[in-house]
Amino acid sequence: MTDTPPTMPTDDADDAARDISEVPAVELINTVAVHLLSAAAVKVGLADDPEQQTDLDEARKLITALAGLVTAAATEIGDHHARPLRDGLRSVQLAFREASSIPDAPGAGPGEKYTGPVN
C-alpha cells in the first residue's frame with residue numbers, strides 16, 4: 001500500500017466563475033430568457049403532460065419575469081436577439097390567456113405591464 005496524498009476537491013464555484021467570466025452578456029441574457037420561457041411554457045400547459053404540469057400562478061410569475069428581462073435588455077442585446085425572445089414571450093402570454101378560466105383585463109395579464117396588452 002502506498003501513501004499517496006488525497007486529491008483536493010475542485011471548487012466548482014471557482015470553475016463556474018471563471019467559465020462565466022468568458023461568456024458574453026448577450027449569451028447569458030439569452031440563456032436566462034430561454035430558461036424562463038421554457039419553464040413558463042411548461043407551467044402554462046404547453047408540455048407533454050399539461051394536466052400534471054400546468055400551474056398558472058407559477059406561469060404568471062415566470063412570464064412577468066421574462067417580460068421584465070426582455071423589455072429591459074432589448075436595447076442592450078439588439079433586435080436580432082430580442083425579436084425571437086419577444087415572439088416567444090408573446091406566445092406564452094397568449095397561451096396563458098387561453099388557459100386561464102378567469103381572463104385578465106387587457107393590459108393586466110402576466111408581463112403586460114412591461115409589454116402592453118397582448119391579444
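Lysine 61 is partly exposed, with a relative accessible area of 48%; on this scale, buried means under 20%, exposed over 50% and partly exposed in between, calculated with a 1.4 Å probe on protein chains only. The model is predicted, so that local features need pLDDT of at least 70 and side-chain atom pairs count only at pLDDT 80 or more, while totals for chains, interfaces and linings use all residues. Residues are numbered from 1 along each chain as its sequence is written, and side-chain values use heavy atoms, with hydrogens and water left out.

Side chains of opposite charge can pair when their charged atoms come close. A salt bridge is defined here as a side-chain nitrogen of Lys or Arg within 4 Å of a carboxyl oxygen of Asp or Glu, and six salt bridges are counted by this rule. One of them links lysine 61 to aspartate 57, with an N to O distance of 3.4 Å. Aspartate 57 is partly exposed, at 47% relative accessibility.

Glutamate 58, three residues from lysine 61 in helix 4, is partly exposed at 31%.

In helix 5 (residues 79–99), arginine 83 and aspartate 79 lie four residues apart, and their closest N and O atoms are 2.1 Å apart in a salt bridge. Arginine 83 is partly exposed at 45% relative accessibility, as is aspartate 79 at 37%. Through salt bridges with shared partners, Asp57, Glu58 and Lys61 are joined into one network.

Technical notes: Helix = DSSP H or I, 4+ residues; strand = E, 2+ residues; numbered from the N terminus.
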